[in-house]
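Dear colleague,

Please find below the structure that I am handing over to you. My notes on what was found in it follow directly after.

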Amino acid sequence: MSAKSTISKEIFAPQDERMLGAVQVKRRTKKKIPFLATGGQGEYQTYICLSVTNKKPTQASITKVKQFEGSTSFVRRSQWALGQLRQVNGIDPNRDSPEFDLLFENAFDQWVASTASEKCTFFQILHHTCQRYLTDKKPEFINCQSKIMGGNSILHSAADSVSSAVQKASQALNERGERLGRAEEKTEDMKNSAQQFAETAHKLAMKHKC
């Protein structure tokens with residue numbers, strides 16, 4: 001099972017939430033640690049996850065999930081309501097870049113995704129979710145490639161694929177129905193012809209008998 005599938009199962013499913021997407025990240029800048037801080041938990045992997053509740057009214061959230069070195073489990077760390085997201089900065093609108101910033105009401109993080117494509121996929125899902133679930137105070141998307149904002153997004157491509165599949169299936173059913181209809185007509189014609197032939201043969205037989 002992949003890390004994202006495990007996060008969805010262990011972190012969100014028990015809370016009756018559905019994970020829509022996630023991106024593995026590292027900080028672009030070192031986070032300042034207080035001088036007296038001790039007892040750190042060592043190296044860890046960080047994921048930024050987007051989820052929605054299954055119960056109505058639907059609530060969308062962005063959650064920071066970590067997996068510490070030597071552990072097979074994931075832990076939920078910081079979490080924000082999607083409405084607290086103020087700005088999404090894609091850093092460079094002219095090229096595929098793994099770097100991005102997230103600005104919340106009370107937090108600001110600078111990240112580097114594991115790959116540029118993973119960041120792009122997450123941004124597409126994030127933008128779509130903001131448009132769907134936020135009626136006001138939608139975050140500003142800046143320095144983002146046009147494909148992230150719509151057009152060729154994977155969400156539209158998936159919808160087009162489903163629509164195309166439904167259309168093809170419907171067309172196939174219609175054609176099958178037409179073929180069955182023609183077959184039924186031919187069967188009925190053959191039945192009528194056979195009946196007429198039998199009647200004619202019977203009349204001829206009676207005539208010659210007489």
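Does Ile91 count as buried, partly exposed or exposed, and at what relative accessibility? Ile91 counts as partly exposed, because its relative accessibility is 29%; buried means under 20% relative accessible area, exposed over 50%, and partly exposed in between, with a 1.4 Å probe and protein chains only. Ile91 is not a glycine, yet it has a positive phi of about 75°. It lies in the loop between β5 and β6.

Please note that this is a predicted model, in which local features need pLDDT of at least 70 and side-chain atom pairs count only at pLDDT 80 or more, while totals for chains, interfaces and linings use all residues. Residues are numbered from 1 along each chain as its sequence is written, and side-chain values use heavy atoms, with hydrogens and water left out.

Overall composition

The chain has three helices and eight strands; these are DSSP runs numbered from the N terminus, helices being H or I with at least four residues and strands E with at least two. From the N terminus on, their order is α-β-β-β-β-β-β-β-α-β-α. Of the 210 residues in the chain, 29% are buried. The accessible surface comes to about 14,100 Å², and carbon and sulfur atoms hold 51% of it; the areas come from the Shrake-Rupley method with a 1.4 Å probe, and for residues only the protein chains shown count as cover. Among contacts (heavy atoms within 4.5 Å) with a separation of 6 or more, 55% are between residues 24 or more positions apart.

The sheet

Eight strands form an open sheet of mixed pairing, in the order β4-β3-β2-β1-β7-β6-β5-β8; two strands pair if DSSP finds at least two bridges between them. β4 (75-81) and β8 (140-142) stand at the edges with a single partner strand each, so one side of each has no neighbour in the sheet. On average, neighbouring strands are turned by 30° against each other, direction ignored.

Asn89 has Ile142 in β8 as its bridge partner. β3 and β4 run antiparallel and are joined by five bridges, and Val65 stands opposite Arg76 in β4. These two strands, β3 and β4, form a hairpin with six residues between them, and Gly70 in the turn has a positive phi of about 90°.

Ser61 lies in strand β3 and counts as buried because its relative accessibility is 13%. Leaving aside neighbours within four places in sequence, Ser61 is in contact with residues including Cys49, Leu50, Trp80 and Leu82. Tyr44, in strand β2, counts as partly exposed at 38% relative accessibility. Tyr44 and Glu69 are 25 residues apart in sequence, and their C-alpha atoms are 5.3 Å apart in space.

Helices and cores

Helix α1 (residues 3-12) lies across β1, β2, β3 and β4, at about 125° to β1; axes are lines fitted to C-alpha atoms, for helices over the stretch in contact, and angles run from 0 to 180 degrees between N-to-C directions. α2 packs on the sheet, touching β1, β2, β3, β5, β6, β7 and β8, and its direction makes about 135° with that of β1. The buried residues of α2 include Phe122, Phe123, Leu126 and His127.

The largest nonpolar core has 26 residues, and those with the most contacts inside it are Ile48, Ile62, Leu82, Leu85, Phe100, Leu102 and Leu126; a nonpolar core is a set of buried Ala, Val, Leu, Ile, Met, Phe, Trp, Tyr and Cys residues joined through side-chain atoms within 4.5 Å. The largest share of this core, six residues, comes from α2. A second, separate core of nine residues includes Ile7, Phe12, Met19 and Phe74.

Loops

Lys56 and Pro57 are joined by a cis peptide bond with omega about -5°; Pro57 lies in the loop between β2 and β3. Lys137, in the loop between α2 and β8, has a positive phi near 55° and is a residue other than glycine. Lys137 counts as exposed because its relative accessibility is 58%.

With kind regards
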